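Please open the structure in your viewer and keep the selection tool at hand.

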2 protein chains.
Amino acid sequence: MEGQGKAMMMEGVENSKGREKAAVGGACDLVLRLLALALTLAAAIVVGVDNHTKVVPIKILDGLPPVNVPVPAKWHYLSAFVYFLVANAIASTYGAFSLVLAIINKGKSRGLGSLITVLDALMVALLFSGNGAASAVGVLGYYGNSHVQWKKVCNVFDNFCHQFAASVLLSLLGSAAFLLLVLLPLLRLQRRN
Amino acid sequence: MEGQGKAMMMEGVENSKGREKAAVGGACDLVLRLLALALTLAAAIVVGVDNHTKVVPIKILDGLPPVNVPVPAKWHYLSAFVYFLVANAIASTYGAFSLVLAIINKGKSRGLGSLITVLDALMVALLFSGNGAASAVGVLGYYGNSHVQWKKVCNVFDNFCHQFAASVLLSLLGSAAFLLLVLLPLLRLQRRN
């Protein structure tokens, strides 16, 4: 009788520890999801409002003084920047939906949990490809490339470039949060089995 | 006695089903890993040997006929292409190592299994950022951009561009294989719990 009682007590303690761990895991998931949503939303907004105009002196005819022409720099001028903004907008919208779903679900439905993880992984792929595209074109803007005769533009549009770099950094942090959202449940499940 | 025998038989059948499922999962993991290794290696090789030279008529002085100058196109002229090749080379090397480790481990060590999954996820991030960078610069090469006055170059180096596009496609398929390598064990574990 005494042995049976002890075994039941041990089982109870283990169950309570398991529930505690699940609650901590759930809270960690929600915080990460909120972070991912906030960072990708901030990245999308920072690049969306990145709109600078610089007055550039342009020589139209020899012998005449150069004419000051206002030249704008906008995110939608380059397809890589459009892709970057759309990727971050999709990720932040998904982040908001998945946050609500995760709060409602609380690990009850396995199917919904699996769907959220698959979509998290797709967000990782989408965001990292967007970051890669934006960074590659950003590097070209900063340094230019003599082999293909693409001149640097960030010496003129320095404010635009700095704001864009900040946006890429925010997006990278958001992508890292989504990466952790994919990895943490996996590591938890592998440890449990 | 009869009831006990039936219960033991049911447990035996369930265990055997579980072992069968684990074996199928393990084989699926190995095939995907081999595919990921082969595709990223092929992508790295295709871009590494992508080296075309085109004879371009260049006018040096007015009044003189244009001089035919051989202009080479190489992958290491653009930092995005270097990043793309390095990402694919790292992923294929890791693919080979992880294939050997997965064969030796056969799901025995949980720690090693978790480490492989974390590294698989990092490969997804690395490869997708490389694909994004290469595609963004590739699009600029194909179409140019009038806003920043970057002229298209693929009208001259068409063979180089076609070979590069094939390499990006191979790398995308390899990245998808790594993405599945991250997702499949997760979905298996979530279904089991």
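The stops below concern cysteines and the links between them.

This is a predicted model, in which local features need pLDDT of at least 70, side-chain atom pairs count only at pLDDT 80 or more, and totals for chains, interfaces and linings use all residues. Residues are numbered from 1 along each chain as its sequence is written, chains are lettered from A and ligands numbered from 1 in the order in which they are written, and side-chain values use heavy atoms, with hydrogens and water left out.

How many disulfides does a search of the whole structure find? Over all chains there are two, a disulfide being a pair of cysteine sulfur atoms within 2.5 Å. In general, such a link is a covalent bond between the sulfur atoms of two cysteines.

First stop: select Cys154(A) and Cys161(A), which form a disulfide with their sulfur atoms 1.9 Å apart. The link of Cys154(A) and Cys161(A) is left-handed, with -80 degrees about the S-S bond. Both Cys154(A) and Cys161(A) are buried (buried means under 20% relative accessible area, exposed over 50%, and partly exposed in between, with a 1.4 Å probe and protein chains only).

Next, select Cys154(B) and Cys161(B), joined by a disulfide with an S to S distance of 1.9 Å. The link of Cys154(B) and Cys161(B) is left-handed, at -80 degrees about the S-S bond. Cys154(B) counts as buried because its relative accessibility is 9%; Cys161(B) is buried, with a relative accessible area of 10%.

Finally, select Cys28(A), which is partly exposed because its relative accessible area is 34%. Then turn to Cys28(B), which is partly exposed, with a relative accessible area of 34%.
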